[in-house]
Amino acid sequence: MGKFKLITKGLVKENPTFVLLLGMCPTLATTTSAINGMGMGLATLFVLVLSNMAISATAPYIPDKVRIPAYIVIIAAFVTVLQFIMQAYTPAMYETLGLFIPLIVVNCIVLGRAEAYANKNSVIDSACDGLGIGLGFTMSLTILGLVREILGSGSVFGFKFIAGDGILAFVLAPGAFLALAYLIVIFRKVTKMD
Amino acid sequence: MEYLIILVSAIFVNNILLAQFLGCCPFLGVSNKLSTAVGMSGAVCFVITLATLVTYLLQYYVLVPLHIEFMQTISFILVIAALVQMVEIILKKISPSLYQALGIFLPLITTNCAVLGIALIVVTKEFTFGGEPHMLNLVESVVYAFASSLGFGLAMILFAGLREQIALNKVPKPFKGIPIALVTASILAMAFMGFSGMV
Amino acid sequence: MVLCLGVICLVSSAVLAGVYALTKEPIEAAAAAKTNNAITQVVPEFDGEPELASIEADGQTYEYYVVRKGGEVAGYAITAAATGFGGPVSVMVGVTADGIVYNTSVLSQSETPGLGAKCTEPAFADQFRNLDPAQTKLAVTKDGGDIDAITASTITSRAYVNAVNNALAVYKAITDGTAPDAASGASEAAEECQSQETK
């Protein structure tokens, strides 16, 4: 598969949110606004690319029996690095996303890519795969965040376009489930993948 | 009294699944059948309570005294993974019937974010259960973890029951599977919002 | 097998310790910048660095910052918290030397987005700008005070008012040298609100 295809497959064909339905916790919890969704997506992208590369490089030396704990340690190390960087340079975003940054460790997308792709492909290919899936995840979270922000608070990326409040439920928990449900349906209809 | 507030707050008001979105993967993944949902809830309940107890001790008796709090994420997840393995081995030895009921869910639990999530919440967040904001002590932490896992079980079992009924009905084709489940979850979350403000 | 896992753990810890050492300073700088920002927002113009001081009262230690202009005290930035809807609402309250609330700034809160979280917006928070506690009754209108609560978020509004009252009590203690709860009207009002909230 060409590098370009590797990177773009995550956007539609293997979109982690709308098609593979992975990593639902951060998807539902952090998308109260477009910018929050995007921040979460980019944070996951960072960990995904680095952990994919590290796992691809070390996989031949890791015995099969302990591979899952080994992968988890590698992923957790990168997540902690990300925590430090965010605390230092984007403290406001770090506070908003809060708990869901350390929880990237248990995001099934990251471990899933390690197990399904990175441990049997080259470092460069794994990096592209991580980038592709990460971009797909970022795109989905931004769209979901955007939809919830428009309906819930009547603004786009923080710029208000209607005075007053939106439909508050969309910022709260029920709206997260509902918005995601309808986005998946629309995605299925548009890509004719039902 | 305070423990009662923790229980009500964690089970109903701040339900771990429907208000905090922790543990959504098994919530959507293994909620097709009521029996599997019950099994999963039991296993999660067991692991969350035990894991929180161990990670709480790890945080305050190892990480903080040694000033290596930055190892928090990595050590917590390793402890949880090891714990799940141990529970599996012990359960196999002492209670084969319980192992049969919960066994297949145990490997899935390591990557259930509810477990790591609760373990991290109790050592990082201040709570205000009936008083001044404060960090939880050991007993409160364990009660909070147990209550949260009960909340997980409640939401999970209700949801599985609903999904079993939905499976009998006609659903528009693009809604089949996860989307209709999400719509159901949305209504369930709305129902749970009725509890807000209770504590 | 164990060796391999051990090596991975060792290497990861070493990398983490390295990154931790590298980012330690920027993290501290970011935290300090946040505090400094909040201080400059809530007190009148000053020169020099804000001084950190603390006062013991009720067995609790309250930390606050003193700012000076031309050698004289220009104001105090006092951090106070009260129990809100989703957890503690922590507010930095600036009080001038003559006891006027100059401005307030929310340090941390976990209130509902779109409802209680609006306490950070000017529409609500600006009510505490240039407020004379002797002229204004610090309580929400529902409790007979002069502060308009955020629509549908009375508990958050009360928490905010309570935090300001707590800060004023600390201010009183600083200036009189007495304990905050020594029959000061402000803290009595705060207690009244708190007891209503728990009901």
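How many residues of chain B are in contact with chain A, and how many of chain A with chain B? Here 32 residues of chain B meet 31 residues of chain A, where contact means that the C-beta atoms of two residues, placed from the backbone, lie within 7 Å. Please keep in mind that this is a predicted model, in which local features need pLDDT of at least 70, side-chain atom pairs count only at pLDDT 80 or more, and totals for chains, interfaces and linings use all residues. Residues are numbered from 1 along each chain as its sequence is written, while chains are lettered from A and ligands numbered from 1 in the order in which they are written.

**Chain B against chain A**
- Helices H2 (24–29), H4 (72–94), H7 (113–124) and H9 (178–193) of chain B each give two or more residues to the side that touches chain A; helices (H or I, at least four residues) and strands (E, at least two) are DSSP runs, numbered from the N terminus.
- H9(B) gives the most to this side, with nine residues.
- By class, the side of chain B that touches chain A holds 26 nonpolar, five polar and one charged residues. Ala, Val, Leu, Ile, Met, Phe, Trp, Tyr, Cys and Pro count as nonpolar, Asp, Glu, Lys and Arg as charged, and the others, Gly among them, as polar.

**Chain C against chain B**
- Nine residues of chain C are in contact with eight of chain B.
- On the chain C side, helix H1 (2–42) and strand E3 (72–83) each supply at least two residues, and H1(C) gives the most, with four.
- This side of chain C has four nonpolar, five polar and no charged residues.

**Confidence in chain B**
- Chain B has a mean pLDDT of 87, with 97% of its residues at 70 or more; pLDDT is the predictor's confidence in each residue, from 0 to 100.
- Among the elements of chain B, helix H8 (residues 138–166) has the highest mean pLDDT (93) and helix H5 (residues 96–102) the lowest (78).
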